[in-house]
Amino acid sequence: MEHVPGPVPAKPYTRWYMGDGPQAVILAAGQGKRMRSAVPKVLHLLGGRPLILYAVDAVRVATGSAPVVVIAPGETEVRDLLGEGATCVEQATPLGTGDAVRSVPAALRSSGPVLILVGDAPLIRPETLERLLLAHTSSARACTLLTGAPADPSGLGRVIRDEDGHVARIVEEGDFAPGEALPLECNGGIYVFDGAQLWPTLDRLTTSNAQGEYYLTDVVERLAGPVEAVVAPDPDEFIFVNDRRQLAAAEAALRRRTLDALMLSGVTIDDPATTYVDSQVVVGPDSVIHPMTTLRGGTTLGSGCEIGPMAVLHDVRAGDRVTVAEAVLDDCELGDGVRIGPYCRVRPNSVLATGVELGTHAEVKNSTIGAGTRISHFSSVLDSDVGTAVNIGAGTVTCNYDGEAKYRTTIGDRVFVGTNATLVAPLTIGDGAYVGAGSFVDHDVPPGALAVGRSRQQNIEGWAARRPARA
Ligand code: UD1
Ligand code: CA
C-alpha cells in the first residue's frame, strides 16, 4: 500500500501556495497503547486509508508543502507509506508530545511559523489549518491554537485563559487537582508556534506532571507574547483516535462527510445509514446507491449507475450506466452498460467490456470478456479470454487447474457455448464455433465448427415393462 501524493491544488488566495509554505510537523510516534494493537495507531484504517494520511493530506493542501512526520524508530511501514509526501524523523523513545517535537533535527527547524498537529486528528479540514495560519500571522503572537468544546471532553487538555482573554496555559486532564472544576474549552492538539520561540522553549520542558512526560502543551505558558485560540468550526474536527471506540466514531463522521459530498454532487443514496463508502471513492452523477451497499478502496463509478442493494465493490473501475445487484466485485474493470445480476462474483484482474451481462451466480476471475457477451447463470469463467457477443450457457465451467498449474481458455467472437459445457484448458475455441450442451471439450475447436463431446443418447424400447417389479 503506497500513498501516492496527489497534486497539491494551487491556493492563490493564501500566501503559501508556491511550495515554500510554513513548516508543518505531525506527531505520529506515540505507542497508541489504548488501541491495544500490534499495528501502529497511525496505520489503522479509516475510510479505507491509514489514519496518518488524513493529517498529511490536510497539511499538504493547506500549506502547499510536505510535512515533517515524527515516527517511532524503525517504522518502515509508515515511512514507505508516506514516501515523497513527507519527511520522516524518528523519536528515539516516546517521552511525550514535547519530546516528539524536540526530535526534529536542527536542520529542519524553521524560525518562522511552525504548524504542529497530533497525528490522530483525521477529521481536521485543510480550511481550518488555513484559518489557523492566517490568524497566527494576523497579529504578533507566540502561538495560535485550535480549541473547541466537544460534547465528550474526557482525556483532553483544558485551556486556561487569563483576565484579558488570552490563553495562559493548557492543563492536561490528569493534572487538575481532585474536585477542581475543569474548563469547558479543550485543546485540539493543533497549533501554530513562532519557531524562534518554540525550539529553545522545548529544551526547558520538565516531566513534573501526572504522566511523567514532556508535554508540548507546557510550552504555551513559557512563551513570551500572546497566545490566541481559534475555535474549531466543525465539532467533528475534535474527534481524536485514541482507542477503537473513537476509531469507530471517526469512521462514522468521515462516512457522513463522504456521503454528503456524493449526494451534493448528484448521487442518490437511498439510505445513508446503511451505505458504506470509503473516502476516496468516486461516483458519477445520477447514479443510485441502494441500501446495505459497500464501496471500498479506489472504486470509481461513472454516471447513471445503479448499485445494490447489498453489493460489495472493492477497487472497481466502472463506466456509465453499470448495474450491479447483490454481488461481490473485487479489482476489476466494467465497461459502459455492464449488468451484473445477483449472487455473482467478479474476482481480481477481470475486464468486462461494454454491455457484458452476468446473470445470476456467475463467477469471473482473471479474464477478459468481450463486448456484448452474456454469461447467464451458474457459470465459472476463470483465466479466460472471451470474445465479443459470446453466449456462455448455464453451468459452464472453464477448467483452469490440473492440480499443479493454471491454464487459459480462449474463446473467439460470436461463439455459442451450450448449457453445462466443461471446457478443459489450455483450450482455444475459434470464432463463430458452437459447443453442444453437456459437452466435455478438451481439444481446440476450429472457427465455425460444432463441438459435441458427449456420449450419444440411446433409447431402449419397452424397457420399463420388462424391468423387475418394484417391491
Ligand atoms: C494531546 C494533548 C492534549 C490534547 C489532545 C488533543 C499533550 C500533552 N496533550 O493529548 O492537550 O487535548 O492531544 O487530541 O500534548 N506522540 C508522539 N510521541 C510521544 C507521544 C505522543 O509522537 O511521545 C504523538 C501520538 O502519536 C499522537 C499525538 O502525539 O498522534 C498525541 O499524543 P496522545 O498521546 O494521543 O496525546 P493525548 O493524550 O491525546
Ligand atoms: Ca490523542
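Arg 408 is partly exposed, with a relative accessible area of 34%; the label applies between the limits for buried (under 20%) and exposed (over 50%), using a 1.4 Å probe and protein chains only. Its side chain meets that of Asp 385 in a salt bridge, at 2.9 Å from N to O. The rule for a salt bridge asks for a side-chain nitrogen of Lys or Arg within 4 Å of a carboxyl oxygen of Asp or Glu. The two partners link distant parts of the chain, 23 residues apart: Arg 408 sits in the loop between strand E32 (397–399) and strand E33 (409–411), and Asp 385 in strand E30 (residues 384–386). Asp 385 counts as partly exposed too, at 25% relative accessibility.

A word on conventions before we go on. This is a predicted model, in which local features need pLDDT of at least 70 and side-chain atom pairs count only at pLDDT 80 or more, while totals for chains, interfaces and linings use all residues. Residues are numbered from 1 along each chain as its sequence is written, chains are lettered from A and ligands numbered from 1 in the order in which they are written, and side-chain values use heavy atoms, with hydrogens and water left out. Helices (H or I, at least four residues) and strands (E, at least two) are DSSP runs numbered from the N terminus.

The salt bridges come to 16 by the rule above. One of them joins the side chains of Arg 161 and Glu 185, at 2.7 Å from N to O. Arg 161 belongs to strand E8 (residues 158–161) and Glu 185 to the loop between strand E9 (167–171) and strand E10 (186–194), so this pair ties together parts that are 24 residues apart in sequence. Here Arg 161 is partly exposed at 35%, whereas Glu 185 is buried at 17%. Asp 278 and Arg 296 form another salt bridge, their closest N and O atoms being 2.9 Å apart. Asp 278 is buried, with a relative accessible area of 4%, and Arg 296 is partly exposed at 30%. There is also a network of salt bridges linking Arg 125, Asp 234 and Arg 257.

Now to the ligands. The calcium ion (ligand 2) is coordinated by Asp 120 (OD) and Asn 242 (OD1), at 2.3 to 2.4 Å. Asp 120 comes from the loop between strand E6 (113–118) and helix H4 (126–138) and Asn 242 from the loop between strand E11 (227–231) and helix H7 (244–264), so the pair ties together parts that are 122 residues apart in sequence. Asp 120 is buried at 11%, and Asn 242 is buried at 14%.

Ligand 1 is surrounded by 25 residues, the closest being Ala 29, Gln 91, Thr 97, Glu 172 and Asn 187; to be counted, a residue needs a heavy atom within 4 Å. A polar side-chain atom of Gln 91 lies 2.7 Å from a nitrogen atom of ligand 1. On the oxygen side, a polar backbone atom of Asn 187 is 2.6 Å from an oxygen atom of ligand 1. The protein buries 92% of the 760 Å² that ligand 1 exposes when taken alone, with areas from the Shrake-Rupley method and a 1.4 Å probe.

Finally, eleven strands form an open sheet with parallel pairing, in the order E12-E15-E18-E20-E22-E25-E28-E31-E34-E37-E39. Strands pair if DSSP finds at least two bridges between them. Strand E12 (268–269) and strand E39 (450–451) are the edges, each pairing on one side only.

Technical notes
Donors = N, O, S within 2.8 Å, 3.2 Å for Na, K, Ca; no water. Polar contact = N/O pair within 3.5 Å; in protein donor to acceptor, adjacent residues only side chain to side chain.
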